[in-house]
Amino acid sequence: MSDRAAWRHEQLRREYRQERLERRYRRLLALYPADHRREHAEEMVGVLLAAAADGRRRFDVADAADLLAGAARIRMRIVGSRLRDPRWPASSVCDPRWSDALAAASVVFPLLLVVAALSEMGLPQTWESQLTGQGAVPGALADGYLTMWPLTFGAPLTALLALLRLRRVAACAALVTTVSLIAIAPSVWGTYSDPGLALAVFLSCLTTGALCFSADPARGLTLLRWWGTASVAGGALVMSGLTGGTMWPCCYLAASLPRSMQSAGTSLQAASSTVVTVNTTSATSETFVSASSIGNEIAAMVAIGVVALVTIIFLRGPVGRRVMVLLLVPAIPYVFIVLSNFESLSYAGISGLPSSDAYSVLLLYLLPGLLLVMIVAVARIRRRRARSG
Amino acid sequence: MQEPTFLILTALAAGPQHGYGIMTDAARISAGRVRLRAGTLYAALDRLRAEGLVETDREEIVDARLRRYYRITAEGSARLEAEVRRLRANTAAAAARLGIAGGLA
């Protein structure tokens, strides 16, 4: 009887050990790609336990290391085969709605980048001041537009290449624009916390992404049709002509703010001399600049809004909604700047661009960056759910 | 061809086998010199299946555990045969130069 009890005890102990061993191996198998795990996990546990039954009852470190190496090798092979796909990285976007949205974005975003470039270089204001002989001339052209070469040449070149349906070349141009924009920012703008710069950085960044991950700008052109593309491009150019100029009604809106606020803002602004004006001696032009600097941001936001509206008119449904979500990313810096400018105008009296402190850089780049990461994450999670469900 | 691949294909050349069977067979073929572990074995099987050299034969449940049997494909046999020829030519050349021709086969 005691013999039998001992045997039973031994049996239970063995079962317990086996279970524990299985659990530990399963934990390691979790490192394998989901597809491989579904297909082979049970089988591999069987092999590992069978090998363990050959004398080694304990968890084997060499086996564990080998499992890790095996998982790494299988994952590397999957990555390698994905990279060899001629449609990479567009092939990694599985959802056709996202794929279409990116295709449309690869047409719309380069155009928006041109808008951002035009308004950042202050071309409209310059034209206007040349025409009317008055108003603020921003420093961009005075400094020489060559110093802003990523915007002057990169943006139109990217747009042209995208419209010519040269996806890869356009993507390279957009990437060069993004990187060089970030590289020259400290020497040209002297800060990263410039809303126009943040807008251009995010637009060129999104353009790069859209061109990389969309199947083809040709698909985007098909979706928008030629009149849609023409409307977006026309709308974008007209709006860029209006941003920042005195023709823009927003300036008058800002100028109609209580005079005390404006004068407070003007005196501080003149002291810090953050905004470039030609005529700083005249009080009237100073008032105008402090008002139009807010008008600038509002105008740029409205410009983006109009282009977004034109886009959604031509792209209704799930594809259009996704383009809108992508458009939210570059719009965030502007919303933030406008809000903070109005706030500071109302009680601190400091108008114009935000100070180049780490806080505003964080808000300008971190928020849109986070949104971008969230969009990608949500799209990935949905894809995974769709695949398993 | 790497040795684990060669041993797996050799093991399967005799007939379909399951994972643990391939493991023990590989040890037998290499006279205990090579011990394939699960990670190496399944990474190799994954690649060989992708290359079309090996395919799934059948599945069995033994002691509540899944056993999947693998078999070599015609392409796998051809690849193994080519490797055998290459190795044989090399060993023959080496043996001839060492003056032990015929001593090794």
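## Exercises on a predicted two-chain model

Two bridges join strand 1 (residues 17-18) of chain B to strand 3 (residues 65-72) of chain B, and the two strands run antiparallel. The model is predicted: local features need pLDDT of at least 70, side-chain atom pairs count only at pLDDT 80 or more, and totals for chains, interfaces and linings use all residues. Residues are numbered from 1 along each chain as its sequence is written, while chains are lettered from A and ligands numbered from 1 in the order in which they are written.

**Exercise 1. Work out the strand order of the sheet in chain B.**

Solution. 
- Step 1. Helices (H or I, at least four residues) and strands (E, at least two) are DSSP runs numbered from the N terminus, and two strands pair if DSSP finds at least two bridges between them.
- Step 2. Strand 1 of chain B pairs with strand 3 of chain B through two bridges; here His18(B) stands opposite Tyr69(B).
- Step 3. Strand 2 (residues 54-62) of chain B is joined to strand 3 of chain B by eight bridges, again antiparallel. In this pair Glu59(B) faces Arg68(B).
- Step 4. Strand 1 and strand 2 of chain B are the edge strands, each pairing on one side only.
- Step 5. Strands 2 and 3 of chain B form a hairpin with two residues between them, and Asp63(B) in the turn has a positive phi of about 55°.

**Exercise 2. Describe how helix 1 of chain B packs against helix 3 of chain B.**

Solution. 
- Step 1. Two packed helices are described by the angle between their axes and the distance between the axes.
- Step 2. Axes are lines fitted to C-alpha atoms, for helices over the stretch in contact, and angles run from 0 to 180 degrees between N-to-C directions.
- Step 3. Helix 1 (residues 3-13) and helix 3 (residues 38-50) of chain B pack at about 75°, with axes 10 Å apart. The two helices are therefore roughly perpendicular (65 to 115 degrees; under 35 is roughly parallel, over 145 roughly antiparallel, the rest oblique).
- Step 4. Pro4(B), Thr5(B) and Ile8(B) of helix 1 meet Thr40(B), Ala44(B), Leu45(B) and Leu48(B) of helix 3; a contact requires C-beta atoms, placed from the backbone, within 7 Å.
- Step 5. By class, this contact has five nonpolar, two polar and no charged residues. Ala, Val, Leu, Ile, Met, Phe, Trp, Tyr, Cys and Pro count as nonpolar, Asp, Glu, Lys and Arg as charged, and the others, Gly among them, as polar.

**Exercise 3. List buried residues of helix 1 of chain B and what covers them.**

Solution. 
- Step 1. A residue is buried if 20 or more other C-beta atoms lie within 10 Å of its own, exposed if 12 or fewer, and partly exposed in between, with C-beta atoms placed from the backbone.
- Step 2. Thr5(B), Leu7(B), Ile8(B), Leu9(B), Ala11(B) and Leu12(B) are buried.
- Step 3. Their cover includes strands 1, 2 and 3, helix 2 (19-29), helix 3 and helix 4 (74-98) of chain B.
- Step 4. Just after helix 1 of chain B, Gly15(B) takes a positive phi of about 150°.

Notes:
Contact = placed C-beta atoms within 7 Å.
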